[in-house]
Amino acid sequence: QLTPEQWLKHTDDDAFYKNNTKAYDTEWVNFQFNWNCAKPFFSDQRCRWAMTYAYDHDEMLQKLRYGMDAPADGLFHPASPWHPTGKITYKKRNLEKAESLLDEAGWKLGANGIREKMVDGKLVKFDFIVEVANRPDRIDICNLLKQNLSEIGISVTVRPLEFAVLTQHMQEHNFDAAMGGWG
């Protein structure tokens, strides 16, 4: 299985085709950010929507996925028999809406530029870890999340892990956020 970068940049010469071939078809896989809703950052759906509006999906699709993936509007590919019928709508980047949602949820910018909120009598900073499989293409997607969320006062640390450890953390709900998928 090739990454988009490998497909486009590392598999187009005679050396590759001497022992290999490439085939392309719809891959029935989806990837998403998973928020642990037991954490104060993610328990309010306004915060989860704010991160959706802050993330630059277009940059991810064009620069990190090399234009090889279609934007998603849910779990099922448009060619799937389970894809809902009707008009497809995609969430576009909107930092003003993201900031407004965070303000509504009580996450205000602190003196250091990081959002904070009183939770159970303690001042909590909107600072979390996103865990991801230790693959450069997946790490790049999480680094874009980190960069985008910093623009609205959220601090993110990207933590690459071996896949088995990442899976265990997710199954045990022992994570803040994680990038993962199913196929």
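## Aromatic cluster

In this predicted model, ring pairs join Phe33, Trp35, Phe41, Phe42, Tyr55, Trp107, Phe126 and Phe128 into a cluster. The structure as a whole contains 14 aromatic pairs. One of them is formed by Phe33 and Trp35, whose ring centres lie 5.8 Å apart with 25 degrees between the planes. This pair counts as stacked, because planes under 30 degrees apart fall in that class. Trp35 has a relative accessible area of 18% and is therefore buried, the limit for that class being under 20%.

Phe41 and Phe128 make a tilted pair, with centres 6.1 Å apart and planes at 40 degrees. Phe41 belongs to the loop between β1 (30–35) and α3 (45–54), while Phe128 is in strand β5 (residues 127–133). The pair therefore ties together parts that are 87 residues apart in sequence. Both partners are buried: Phe41 has a relative accessible area of 7%, and Phe128 has one of 0%.

## Charge over a ring

Phe31 has a charged group over its ring. The group is the charged end of Arg138, which sits 4.0 Å from the ring centre.

## Nonpolar surface patch

Leu75, Phe76 and Trp82 form a nonpolar patch on the surface. Together these residues have about 390 Å² of accessible area.

Trp82 is placed in the loop between α4 (57–64) and α5 (95–104). Its relative accessibility is 59%, so Trp82 counts as exposed. Trp35, by contrast, is buried at 18%.

## Cysteines

A disulfide is a covalent bond between the sulfur atoms of two cysteines. A search of the whole structure finds zero disulfides. For Cys47, the nearest cysteine sulfur is that of Cys37, 10 Å away. A disulfide needs the two sulfur atoms within 2.5 Å, so Cys47 is in no disulfide. Cys47 counts as buried, with 0% relative accessibility.

Cys142 is likewise in no disulfide. Its nearest cysteine sulfur also belongs to Cys37, at 17 Å. Cys142 has 0% relative accessibility and so counts as buried.

Terms used
Residues are numbered from 1 along each chain as its sequence is written. This is a predicted model: local features need pLDDT of at least 70, side-chain atom pairs count only at pLDDT 80 or more; totals for chains, interfaces and linings use all residues. Side-chain values use heavy atoms; hydrogens and water are left out. Rings of Phe, Tyr and Trp (its six-membered ring) pair if their centres lie within 6.5 Å; planes under 30 degrees apart count as stacked, over 60 as edge-to-face and the rest as tilted. Buried means under 20% relative accessible area, exposed over 50%, partly exposed in between (1.4 Å probe, protein chains only). Helices (H or I, at least four residues) and strands (E, at least two) are DSSP runs, numbered from the N terminus. A charge sits over a ring if NZ of Lys or CZ of Arg is within 6 Å of the ring centre and within 35 degrees of the ring normal. Patches are made of residues with over 30% relative accessible area and no salt bridge: like charges are joined within 9 Å, nonpolar side chains (Val, Leu, Ile, Met, Phe, Trp, Tyr) within 5 Å. Accessible areas come from the Shrake-Rupley method with a 1.4 Å probe; for residues, only the protein chains shown count as cover. A salt bridge is a side-chain nitrogen of Lys or Arg within 4 Å of a carboxyl oxygen of Asp or Glu.
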